[in-house]
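Dear colleague,

I am handing over the structure below, and I would be grateful if you could look through it with the notes that come after it.

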Amino acid sequence: MGEDGNSAYGHRTFSRSRSHFGDRITADGRDGWPVEAGRYRLVISRACPWASRAAVSRRLLGLEDALSLAVADPVQDDRSWRFTLDPDGRDPVLGIRFLSEAYDKRETGYPGGVSVPAVVDVPSGRLVTNDYQRITLDLATEWTALHREGAPDLYPAGRRDEIDQVMAEVYEDVNNGVYRAGFATHQKEYEEACAGVFRRLELLGERLSGQRYLVGDTLTEADIRLFTTLVRFDAVYHGHFKCNRWKLAEHPVLQAYARDLFQTPGFGDTVDFDHIKRHYYQVHSGINPTGIVPLGPDLAGWLGPHHREELGGRPFGEGTPPGPVPPGERVAPQGRPA
């Protein structure tokens, strides 16, 4: 997420670009990028659902000391994601003002935009990968030597076929579906995408009515990918993207499921609703030309009871919750009125 040309949104048919840089960081270093503590820097925006997946995964797996984190300003300009949240407007580790600088060091004149999440090689300052679909899977499976003690298995080998199937359906109709609805340029295009979003959400609600998590009785990558869309639903997708058949807060099962995850260490403590709302409403000038950011919705419900523990389940399997958020990565208290 995060390509430039924001004024064009709502004026041209939406098509999500494929990740251009698909190198993988692996235990055996077969792509030339071996897993190594301290070598790489993960660049995210807390506004972006695709980048937020990586933030959640990194927290759950306890990779904070092994993989450093850069947080971009949620409001972009024409020069891409920028580090204006840091002193002097530079990332303190990479020394750059814009993420595009790391892309340019990797390849000049690359196709596509500058997107997050991105992993940058610190010694060279070069982008390694912006493959948002693969980064988190590799964190779960290739970085195991650096996982914290008690880290959950987010992509268990015995359930990968089912996880992949669920994730594919969630991606097509929900993760990407809200964007196809929000950036539609014709009524039929919008209606088909919006109908697909809610058709899938209803099916997911049925699935989750009798089980705490999407696959098995523990948290997996599938839950992470659904959560990062659900947590943005009422704040931006319901109004800004016109996915307004109903609010998440009006669906008892999905509301409780999302609330359960939000209150699970590693999920809600990575969410910044201020970043989320300012990015969508201020950056997408093609569909919100005034740039006005709404005051609502009331966020207090995120900390309310969910009763999902009554369904059983073991959030971290045989493992344990992640420890406290590192001081430099804490977000403002969430779950209170905006």
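The notes below cover an annotated region, a pair of helices and the cysteines.

Please keep in mind throughout that this is a predicted model.

On the annotated region, an unreviewed UniProt entry lists residues 156-283 as "domain: GST C-terminal". In the model, that span is 65% helix and 0% strand, and its end C-alpha atoms lie 38 Å apart.

On the helix pair, α1 (residues 49-61) packs with α3 (residues 132-141) at an angle of about 5°, the two axes being 9 Å apart. Since angles under 35 degrees count as roughly parallel, α1 is therefore described as roughly parallel to α3. On the α1 side the contact is made by Trp50, Arg53, Ala54, Ser57, Arg58 and Leu61, and on the α3 side by Tyr132, Gln133, Thr136, Leu139 and Ala140. Sorted by class, the contact of α1 with α3 comprises six nonpolar, three polar and two charged residues.

On the cysteines, how many disulfides does the model contain? The count comes to zero, where a disulfide would require a pair of cysteine sulfur atoms within 2.5 Å. For Cys48, the closest cysteine sulfur is that of Cys243, at 17 Å, which is too far for a bond; Cys48 is also buried, at 0% relative accessibility. For Cys194, the closest cysteine sulfur is again in Cys243, at 4.8 Å, and this too is too far for a bond. Cys194 has a relative accessible area of 5% and so counts as buried.

Technical notes: Residues numbered from 1 in each chain as written. Predicted model: local features only at pLDDT ≥ 70, side-chain atom pairs only at ≥ 80, totals over all residues. Heavy atoms only, no water. UniProt positions renumbered as here; feature names shortened; annotations may be inferred. Helix = DSSP H or I, 4+ residues; strand = E, 2+ residues; numbered from the N terminus. Axes fitted to C-alpha atoms, helices over the stretch in contact; angles between N-to-C directions. Parallel < 35°, antiparallel > 145°, perpendicular 65-115°, else oblique. Contact = heavy atoms within 4.5 Å. Nonpolar A, V, L, I, M, F, W, Y, C, P; charged D, E, K, R; others polar. Buried < 20%, exposed > 50% of the residue type's maximum accessible area, 1.4 Å probe, protein only.
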